[in-house]
Amino acid sequence: VSIFTSLGVEIFGNPGDAFDPNLHNAVMHIDDENFGENEICQVFQKGFKLGDKIVRFAMVQVAN
């Protein structure tokens with residue numbers, strides 16, 4: 001992880017973040033009152049961004 005950040009790569013995709021289709025690839029969906037609308041509840045694969053270019057989208061599960 002420190003190697004990526006030293007090269008300027010930003011790592012994104014954390015539980016609790018708001019779902020953004022420009023950054024995240026939603027592969028699962030659940031209905032759960034414990035989570036907010038379009039909130040990421042589980043991350044299967046982190047995303048990588050270099051500057052404003054997406055290297056890899058984050059693979060996530062989205063609630064509600």
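**A walk through the model**

Mentor: Let's start with Phe48: this residue is buried, with a relative accessible area of 15%. Buried means under 20% relative accessible area, exposed over 50% and partly exposed in between, using a 1.4 Å probe and protein chains only.

Trainee: Before we go on, what kind of model is this, and which pLDDT do local features need?
Mentor: This is a predicted model, where local features need pLDDT of at least 70, side-chain atom pairs count only at pLDDT 80 or more, and totals for chains, interfaces and linings use all residues. Residues are numbered from 1 along each chain as its sequence is written, and side-chain values use heavy atoms, with hydrogens and water left out.

Trainee: Thanks! How many helices and strands does the chain have?
Mentor: There is one helix, along with six strands. Their order along the sequence is α-β-β-β-β-β-β. Helices (H or I, at least four residues) and strands (E, at least two) are DSSP runs, numbered from the N terminus.

Trainee: And what does the C-alpha trace span along its principal axes?
Mentor: About 40 × 20 × 15 Å. The accessible surface of the chain is about 4,300 Å², and carbon and sulfur atoms hold 53% of that. Those areas come from the Shrake-Rupley method with a 1.4 Å probe; for residues, only the protein chains shown count as cover. Of the 64 residues in the chain, 22% are buried.

Trainee: Back to Phe48. How many aromatic pairs are there?
Mentor: One aromatic pair is counted. It joins Phe4 and Phe48, whose ring centres are 5.0 Å apart with planes at 45°, so the pair is tilted. The rule is that rings of Phe, Tyr and Trp (its six-membered ring) pair if their centres lie within 6.5 Å; planes under 30 degrees apart count as stacked, over 60 as edge-to-face and the rest as tilted.

Trainee: Where do the two partners of the pair sit?
Mentor: Phe4 is in helix α1 (residues 2–6) and Phe48 in strand β4 (residues 47–50), so to speak distant parts of the chain, 44 residues apart. Phe4 counts as partly exposed, at 37% relative accessibility.

Trainee: Which residues make the nonpolar surface patch?
Mentor: Val1, Phe4 and Ile11 make a nonpolar surface patch of about 280 Å². Like charges are joined within 9 Å, and nonpolar side chains (Val, Leu, Ile, Met, Phe, Trp, Tyr) within 5 Å. Ile11 belongs to strand β1 (residues 9–12).

Trainee: Let's go inside. Which residues form the largest nonpolar core?
Mentor: Five of them: Phe12, Ile40, Ala58, Val60 and Val62. Strand β6 (residues 58–63) gives the largest share of this core, three residues. A nonpolar core here is a set of buried Ala, Val, Leu, Ile, Met, Phe, Trp, Tyr and Cys residues joined through side-chain atoms within 4.5 Å.

Trainee: What does His24 touch?
Mentor: Beyond residues up to four places away in sequence, His24 touches several residues, including Phe12, Ile40, Ala58 and Val60. Contact means heavy atoms within 4.5 Å. His24 is in strand β2 and counts as buried at 7% relative accessibility.

Trainee: Is Cys41 buried or exposed?
Mentor: Cys41 is buried, at 16% relative accessibility.

Trainee: Last topic, backbone angles. What is phi of Asn38?
Mentor: Phi of Asn38 is near 55°, a positive value in a residue other than glycine. Most residues other than glycine have a negative phi. Asn38 sits in the loop between β2 (24–30) and β3, and is partly exposed at 37% relative accessibility. Asn64 has a positive phi of about 55° too, and lies in the segment after β6.

Terms used:
Patches are made of residues with over 30% relative accessible area and no salt bridge: like charges are joined within 9 Å, nonpolar side chains (Val, Leu, Ile, Met, Phe, Trp, Tyr) within 5 Å. A salt bridge is a side-chain nitrogen of Lys or Arg within 4 Å of a carboxyl oxygen of Asp or Glu.
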